[in-house]
Amino acid sequence: MSPKKKRAIGVLFLVFLIVLWQIISLIIGKSYLLPGPVDVVENIWENRIEIFTVHLPATLQVVVSGGIISVVLGFFLAMIMDMDRRVEKALYPVLTATQTIPVMCIAPVFVLWFGYTVTMRIIVVVLLNFFSVAVNVFDGLKSTNTGRTELMLTYGASRLQRFFLLRLPTALPYLFTALKVVVPWSFVGAAVSEWLGAPSGLGIYSRNCMAQFDAAGLLAPLAVLTVLALILNGVIYLAEKKIITWKGEV
């Protein structure tokens, strides 16, 4: 099956789910229990100024900052683990341990330390994401073809040349895989941290709507975040196709 047909099937299935959601909402007939897609879109439109000029920029600030720090930190940790086996043995268990603590349990601790600040929210996003970047890039570096490495050594290539000409190209597909995970989880982390408390952000907007028993308002930020995550993942997918032209060859 061609990629275009697969995408078409995916779009049709998504449309089917949205239509089914609307039908079930109409059958129930109680928008305060299950608002339909139309109710959610109406809420977004009615509150568009507040959502898109106040709360969305605050959430995007956390998503972008936390996502970039996660990628840089994860890539750095993968590199130092790859350079020394002893560092890998010492660091890998610690990185794994950081992922065993539920974010909802440790996030209140960050609130005590940093208050309801942007810093607290960024830390939550980084904690959710850096591990997947580190592990994926590390696996990519380790998967470098041994025969090609030996060939470069034969030609007298330096360690830096081997890294940039062979190991980094091998790891890039793994990095893009990690980025596809980082994008949705950055939105999740931002929303969770804002839910705990923040002056602005789609998470706190959703929490306020819940307090007012506004089900459509509760789902509106989630719809906005979902659409944005899909768009950003689409951009990453296109960038990967444009950059990784050697996939399967290295």
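Contact here means heavy atoms within 4.5 Å of each other. The model is a predicted one, so to speak of local features a pLDDT of at least 70 is needed, side-chain atom pairs count only at pLDDT 80 or more, and totals for chains, interfaces and linings use all residues. Numbering starts from 1 along each chain as its sequence is written, and side-chain values use heavy atoms, with hydrogens and water left out.

Setting aside neighbours within four places in sequence, Leu175 touches Val71, Phe75, Val133 and Val137. Leu175 also turns up, with Leu95, Val133 and Val137, among the residues with the most contacts inside the largest nonpolar core, which has 55 residues. Such a core is a set of buried (under 20% relative accessible area, 1.4 Å probe, protein chains only) Ala, Val, Leu, Ile, Met, Phe, Trp, Tyr and Cys residues joined through side-chain atoms within 4.5 Å. Its largest share, 15 residues, comes from α6; helices are DSSP runs of H or I, at least four residues, numbered from the N terminus.

As for helix pairs, the axes of α3 and α4 (lines fitted to C-alpha atoms over the stretch in contact, with angles from 0 to 180 degrees between N-to-C directions) come within 6 Å and cross at roughly 140 degrees. The two are therefore oblique, a label for whatever is left once angles under 35 degrees (roughly parallel), over 145 (roughly antiparallel) and 65 to 115 (roughly perpendicular) are taken out. Leu77, Ile80, Met81 and Met83 of α3 meet α4 residues including Leu91 and Leu95.

α3 and α10 pack at about 55 degrees, axes 12 Å apart, so α3 is oblique to α10 too.

Note on methods: Buried < 20%, exposed > 50% of the residue type's maximum accessible area, 1.4 Å probe, protein only.
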